[in-house]
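Visitor: I am new to reading protein models, and I would like a close look at a single part of this one. Could you start with a pair of helices and then go on to the charged side chains?

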Amino acid sequence: MAHTKEKVLIIGAGGQIGVELTETLSALYGHENVIPSDLKESGAFTKNTFERLDALDKTALFDLVKKHGFTQVYHLAAMLSATGEQNPMFAWKLNMESLFHVLDLAKEKHIRQIYWPSSIAVFGPTTPQQNTPQYTVMEPSTIYGISKQAGERWCEWYFKKFGVDVRSLRYPGLIGWKSAPGGGTTDYAVHIFHEALKSNEYECFLSENTALPMMHMEDAIRATIEIMQAPADSIKIRGSYNLSGISFSPKEITNEIKKHLPDFSISYNPDFRQAIADSWPKSINDENARNDWGWKIKYDLPKLVENMLANLKK
Ligand code: NAD
Ligand code: AKB
């Protein structure tokens with residue numbers, strides 16, 4: 001059931017997901033009821049009241065929540081897989097401490113509901129890579145993945161101990177045309193569209209047959225809102241749900257782009273992100289999300305490529 005009286009705080013709203021999530025939540029609850037926040041104003045929010053907030057500043061966060069009387073917090077601020085490996089101690093600090101602050105807000109009943117995203121990065125090289133199940137071996141090899149896996153356990157613990165209504169999805173690599181990605185291993189699948197339209201060529205930092213789970217941003221935002229609006233008793237997993245979109249390699253997405261831009265060419269120059277990609281699943285089994293709260297994907301690869309090129313051309 002949609003709550004018409006939601007008052008929403010988005011932390012890390014200036015990033016790849018936050019810009020689109022702010023837009024969709026504003027359409028749902030009204031611009032006056034959705035407050036994007038981030039370290040600094042990006043100019044992306046013309047109709048919402050923006051609040052400058054460092055997610056590591058617990059006092060500032062609690063003051064902001066009291067000021068606006070938020071019911072929901074979408075906590076998106078994090079350091080992603082590639083940048084996290086460059087600055088591991090700070091990635092751990094940011095990803096974990098900011099989550100504790102938000103979980104404590106709900107524990108102390110200042111807010112009713114939390115959304116916090118996890119990632120396919122919770123899996124590692126010892127995980128079965130095809131059709132990776134919800135429950136399996138999880139030995140992540142990046143600090144980002146370790147922080148997401150620990151975060152999942154903390155979310156579940158706060159739910160069990162204190163009844164905190166926290167919901168989470170293990171997003172695959174997200175691909176959208178409205179915002180830029182912020183330091184992940186799957187970022188190539190956004191860059192490739194921009195470069196294809198700009199110069200008809202792209203140098204990829206992953207090798208040609210590196211298949212990874214991916215998803216159109218529109219599907220990811222819809223999944224986020226669907227899980228937040230689902231009845232509480234349908235949410236059986238309080239760590240994080242597997243979420244499957246599509247799976248493709250750089251070579252496969254290139255072939256699809258070539259159907260629209262026949263002269264497009266790609267070259268491969270794998271860097272440190274190759275090892276991260278190699279440690280992640282190639283495809284994901286999301287039957288728990290489908291069974292528990294009715295998740296269904298909309299974009300396949302041809303539709304995603306057509307949509308990205310059409311919108312970026314505009
Ligand atoms: P992003 O890097 O694009 O955006 C993160 C935002 O957080 C940035 O705008 C940044 O300025 C902000 N931020 C950083 N430190 C902050 C702080 N101390 N206080 C407040 N804001 C701060 O990331 P994204 O791609 O939008 O990802 C959002 C969330 O979704 C992250 O938790 C990420 O792990 C998760 N996720 C993303 C993807 C993806 O493909 N984009 C996939 C899986 C999971
Ligand atoms: C990344 O590549 O780090 C993110 C993710 C899959 O979590 N896009």
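Guide: Let us begin with helix α6 (residues 188-199) and helix α11 (residues 301-313), whose axes come within 10 Å and cross at roughly 55°. That makes α6 oblique to α11, since angles under 35 degrees count as roughly parallel, over 145 as roughly antiparallel, 65 to 115 as roughly perpendicular and the rest as oblique. Here the axes are lines fitted to C-alpha atoms, for helices over the stretch in contact, with angles running from 0 to 180 degrees between N-to-C directions, while helices (H or I, at least four residues) and strands (E, at least two) are DSSP runs numbered from the N terminus. This is a predicted model, in which local features need pLDDT of at least 70 and side-chain atom pairs count only at pLDDT 80 or more, whereas totals for chains, interfaces and linings use all residues. Residues are numbered from 1 along each chain as its sequence is written, chains are lettered from A and ligands numbered from 1 in the order in which they are written, and side-chain values use heavy atoms, with hydrogens and water left out.

On the α6 side, F193, H194 and L197 are in contact (heavy atoms within 4.5 Å) with L304, V305, M308, L309, L312 and K313 of α11. Of the residues in this contact, seven are nonpolar, one is polar and one is charged; Ala, Val, Leu, Ile, Met, Phe, Trp, Tyr, Cys and Pro count as nonpolar, Asp, Glu, Lys and Arg as charged, and the others, Gly among them, as polar.

Now to the charged side chains. Side chains of opposite charge can pair when their charged atoms come close. The structure holds 17 salt bridges, each being a side-chain nitrogen of Lys or Arg within 4 Å of a carboxyl oxygen of Asp or Glu. One of them joins E51 to K67, with the closest N and O atoms 2.8 Å apart, and this pair links distant parts of the chain, as E51 lies in strand β3 (residues 51-52) and K67 in helix α2 (residues 58-68), 16 residues apart. E51 is buried, with a relative accessible area of 12%, whereas K67 is exposed, at 57%; buried means under 20%, exposed over 50%, and partly exposed in between (1.4 Å probe, protein chains only).

Another salt bridge pairs E152 with R170, again with 2.8 Å between the closest N and O atoms. E152 and R170 are both buried, and salt bridges that share partners join E152, R153, E156 and R170 into one network.
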